[in-house]
Amino acid sequence: MASARIITAVIGQGVLPLVWAMAQLGWLMGPAALLLLAVIIICASALLANCYRTGDSIIGERNLTYVDAIQNILGGANVKLCELVYSLNLFGVVIGFTIAASISMTAINKSNCFHDKGDKSHCQSISYPYTIAFGVTEIVLSQIRNFDKRLGISIMATIMSLTYSTIGLALGIAKVAENGELKGSLTGISLGTVTQTQKIWRSFQALGNIVFAYSFAILFIEIQDTIKSPPPEAKTMRKATLISVAVLALFYMLCGSMGYGAFGDMAPGHLLAGFGFFSPYWLIDLSNAAITIHLVIAYQVHAQPLFAFMEKQFITSEIEIEIPIPIPGFRSSYTLCVFQLIWRTIFVIATTVISMLLPFFNEVIGLVGALGFWPLTVYFPVEMYIAQMKIHKWSTKWIGLQILSIACLIISVAATMGSIAGIVLRLQSYKPFGTSY
């Protein structure tokens with residue numbers, strides 16, 4: 001069950017930028033990066049699994065969230081640092097979701113244009129009206145407390161993510177069969193298509209896209225909290241992580257390879273909205289509708305914990321104003337919290353405006369993945385494990401863990417630099433609120 005929750009938490013949105021990432025790295029480094037990062041995720045998650053309980057991984061006090069684990073095991077400045085990185089990571093993720101959803105909605109409109117006028121027609125569509133529509137939807141849903149906890153919502157998100165991920169894989173396989181060959185090269189995108197400098201930065205950015213596809217550290221403790229014991233939760237979670245990451249790596253390898261094999265250097269940044277695929281039109285529309293629905297829900301899954309965290313910090317009985325609103329046909333009424341209404345609305349507006357100002361899907365996703373990878377996936381789990389297991393400084397195990405942490409820091413720094421370079425390059429030719437697809 002824990003394996004299924006991990007897979008469904010990340011498999012959908014993780015698939016979308018992988019074909020582009022594979023195109024930058026090529027047939028040699030692309031699969032190698034996917035496998036290497038999968039191994040790192042498995043190792044770091046094994047460390048984090050031992051931190052679900054404080055003091056003793058079998059009988060110690062339970063930690064219900066990632067931040068709780070930092071608070072109870074490390075404490076001090078680590079808590080504030082974790083809260084800052086955690087909040088920025090969630091903020092960045094929902095911006096990425098907003099960009100991806102607007103691209104998918106734009107793609108549906110563009111697909112219908114191609115269907116009506118032919119594949120060679122000049123069909124351009126402005127994305128920002130769809131970004132605004134997505135933002136308005138999220139403002140409404142953000143007022144529903146615990147929207148992300150509702151079982152039916154989780155099931156719908158899972159169905160949607162599996163739907164478009166499977167469609168993307170199937171279309172890639174069909175395109176390769178139609179071409180009769182696997183496109184691409186061992187070293188990735190060709191010089192001439194991009195400059196040598198751009199190729200280096202894009203390769204680094206691709207690492208950010210890949211680590212984003214594996215990112216579930218902030219949900220790890222919450223998933224482990226659903227496991228019943230015996231056997232000990234840590235043992236079950238390590239096994240679940242191994243299974244789920246192996247499945248993810250295999251699926252990502254298939255999707256990335258088939259997409260890259262289908263399009264080579266011309267691989268789109270957003271697999272199902274880049275119009276490497278033109279037909280069948282209804283299937284393209286279905287996949288992008290599934291992406292949009294999934295991201296509407298995923299936005300809340302990631303934003304609601306941030307809402308709850310901020311409201312816990314700032315809301316007091318003295319400043320909170322609650323207004324009961326009768327619901328026709330129901331005995332109970334909806335309680336409108338004024339602070340919640342204002343704060344959550346401002347939050348969604350901010351993410352929407354930033355998404356319109358920086359509608360660069362791969363670059364933003366790469367940056368978010370890079371910034372969250374080292375601190376949340378590696379550094380804090382390593383430090384908590386050292387404290388939890390009382391590992392002596394300069395012992396063999398301590399040195400090994402520090403080497404792992406430093407190596408992942410280098411990956412994060414490189415991916416961050418590559419993503420920032422990509423954003424800077426895009427800004428040179430970008431007109432605000434005029435992006436079309």
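1. Helix α2 (residues 18-49) packs against helix α12 (residues 361-389) at an angle of about 30 degrees, and their axes are 10 Å apart. Here axes are lines fitted to C-alpha atoms, for helices over the stretch in contact, and angles run from 0 to 180 degrees between N-to-C directions. Helices (H or I, at least four residues) are DSSP runs numbered from the N terminus. The angle makes α2 roughly parallel to α12, a label for angles under 35 degrees, with over 145 called roughly antiparallel, 65 to 115 roughly perpendicular and the rest oblique.

2. The model is predicted, so local features need pLDDT of at least 70 and side-chain atom pairs count only at pLDDT 80 or more, while totals for chains, interfaces and linings use all residues. Residues are numbered from 1 along each chain as its sequence is written, and side-chain values use heavy atoms, with hydrogens and water left out.

3. The crossing of α2 and α12 is left-handed, meaning that the near helix is turned anticlockwise from the far one by less than a right angle; clockwise would be right-handed. Residues of α2 that meet α12 include Trp20, Leu37, Ile40 and Ile41. On the α12 side, Phe373, Val378, Pro381 and Tyr385 are among them. Contact means heavy atoms within 4.5 Å. By class, this contact of α2 with α12 has 13 nonpolar, two polar and no charged residues. Ala, Val, Leu, Ile, Met, Phe, Trp, Tyr, Cys and Pro count as nonpolar, Asp, Glu, Lys and Arg as charged, and the others, Gly among them, as polar.

4. α2 also packs with helix α8 (residues 217-224), at about 45 degrees and with axes 11 Å apart. The two helices are therefore oblique to each other, and their crossing is right-handed. Ser45, Leu48 and Ala49 of α2 make the contact with Ala217, Phe220, Ile221 and Gln224 of α8. Five of these residues are nonpolar, two are polar and none is charged.

5. How do α5 and α11 run relative to each other, and at what angle do they cross? The axes of α5 (residues 128-142) and α11 (residues 338-357) come within 9 Å and cross at roughly 160 degrees. The helices are therefore roughly antiparallel, and the crossing is right-handed. Tyr128, Ile132 and Glu138 of α5 are among the residues in the contact, as are Arg344, Val348 and Met356 of α11. The contact of α5 with α11 has six nonpolar, seven polar and two charged residues.

6. Phenylalanine 307 lies in helix α10 (residues 281-314). At 0% relative accessibility, phenylalanine 307 counts as buried; buried means under 20% relative accessible area, exposed over 50% and partly exposed in between (1.4 Å probe, protein chains only). Neighbours within four places in sequence aside, phenylalanine 307 is in contact with Ser142, Gln300, Trp343, Arg344 and Phe347. Phenylalanine 307 and arginine 344 are 37 residues apart in sequence and 7.0 Å apart in space, C-alpha to C-alpha.

7. Lysine 390 is not a glycine, yet has a positive phi of about 55 degrees. Lysine 390 lies in the loop between α12 and α13 (396-427) and is exposed, with a relative accessible area of 63%. Tryptophan 394 lies in the loop between α12 and α13, has a positive phi near 70 degrees and is exposed at 63%.

8. How many disulfides are there? The count is zero, a disulfide being a pair of cysteine sulfur atoms within 2.5 Å. For cysteine 408, the nearest cysteine sulfur, that of cysteine 43, is 9.2 Å away. Cysteine 408 counts as buried at 1% relative accessibility.
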